[in-house]
Amino acid sequence: MVKFGYTILYVEEVEKSVSFYENAFGFSRKFVTPEADYGELSTGETTLSFASKELAAQNLKDGFIESKPDQKPFAIELGFITDDVEELVQKAIGAGATLVKEPAQKPWGQVVAYVRDPDGFLIEICTPMQ
């Protein structure tokens, strides 16, 4: 059996990123290492994790492309489902997110909005698929 367990974001400051996602989306902290170079949040069935760029560099000797708020986002997004997209977008912005696209209803009925976190990662905030 294979199960999707977690996504790890490489960030400047693990504690700052964990706090942002706690405040913006209400996720529960599992832990942050004493060195503050790795942390995890419980988001339901999947864990959202954070590793410092320094720790990531130890594992990826050839380097990696860093997410930066002043550059275009990667061709990937985190998707968070809620019944009230507008409310969650405002909460995320209040916690430090940057608005990318206001909530809009898609032809199939789903409401979708986009923000970027303080490290520049793209987040889709949407209603459940019908």
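**T7 first.** I looked up what T7 touches in this predicted model: T47, L48, S49 and L78, leaving out residues up to four places away in sequence. Contact here means heavy atoms within 4.5 Å. T7 sits in strand 1, residues 6-11. Helices (H or I, at least four residues) and strands (E, at least two) are DSSP runs, numbered from the N terminus. At 26% relative accessibility, T7 comes out as partly exposed. The cut-offs are under 20% relative accessible area for buried, over 50% for exposed, and partly exposed in between, with a 1.4 Å probe and protein chains only. I also checked T7 against V111: 104 residues apart in sequence, and 24 Å apart in space, C-alpha to C-alpha.

**Ground rules.** I noted that residues are numbered from 1 along each chain as its sequence is written, and that side-chain values use heavy atoms, with hydrogens and water left out. For this predicted model, local features need pLDDT of at least 70 and side-chain atom pairs count only at pLDDT 80 or more, while totals for chains, interfaces and linings use all residues.

**Helix 1.** I checked the length next. The twelve residues of helix 1 should span 16 Å at 1.5 Å a residue, and the end C-alpha atoms are 16 Å apart, so the two agree. The expected span is 1.5 Å times one less than the number of residues. Buried in helix 1 are V14, S17, V18, F20, Y21, A24 and F25. They cover an arc of only 155 degrees around the axis, so they sit on the same side of helix 1. The arc is taken from the directions that run from the helix axis to the C-beta atoms. On the face turned away from that buried side I found the exposed residues K16 and N23. Just after helix 1, G26 has a positive phi of about 75 degrees.

Which order do the four strands of the open sheet take? I read it as 5-8-7-6, with mixed pairing. Strand 5 (78-81) and strand 6 are at the edges with a single partner strand each, so one side of each has no neighbour in the sheet. The twist averages 15 degrees from one strand to the next. Two strands pair if DSSP finds at least two bridges between them. Strand 6 and strand 7 run antiparallel, joined by five bridges, and T98 has R116 in strand 7 as its bridge partner. Their hairpin has five residues between the strands, and G109 in it takes a positive phi near 100 degrees. Strand 7 and strand 8 are also antiparallel with five bridges; V112 is partnered by C126 in strand 8.

**Helices on strands.** Helix 1 lies across strand 5 and strand 8, at about 15 degrees to strand 8. Helix 3 packs on the sheet, touching strand 6, strand 7 and strand 8, and its direction makes about 175 degrees with that of strand 6. Axes are lines fitted to C-alpha atoms, for helices over the stretch in contact, and angles run from 0 to 180 degrees between N-to-C directions.

**Helix 3.** Which residues of helix 3 (residues 85-95) are buried? I get V85, L88, V89 and A92. They fall within an arc of 105 degrees down the axis, so they line one face of helix 3. Their cover includes helix 1 (14-25), strand 6 (98-105), strand 7 (111-116) and strand 8 (122-126). E87 and G94 are exposed on the face turned away from the buried side. After helix 3 comes G96, with a positive phi near 125 degrees.
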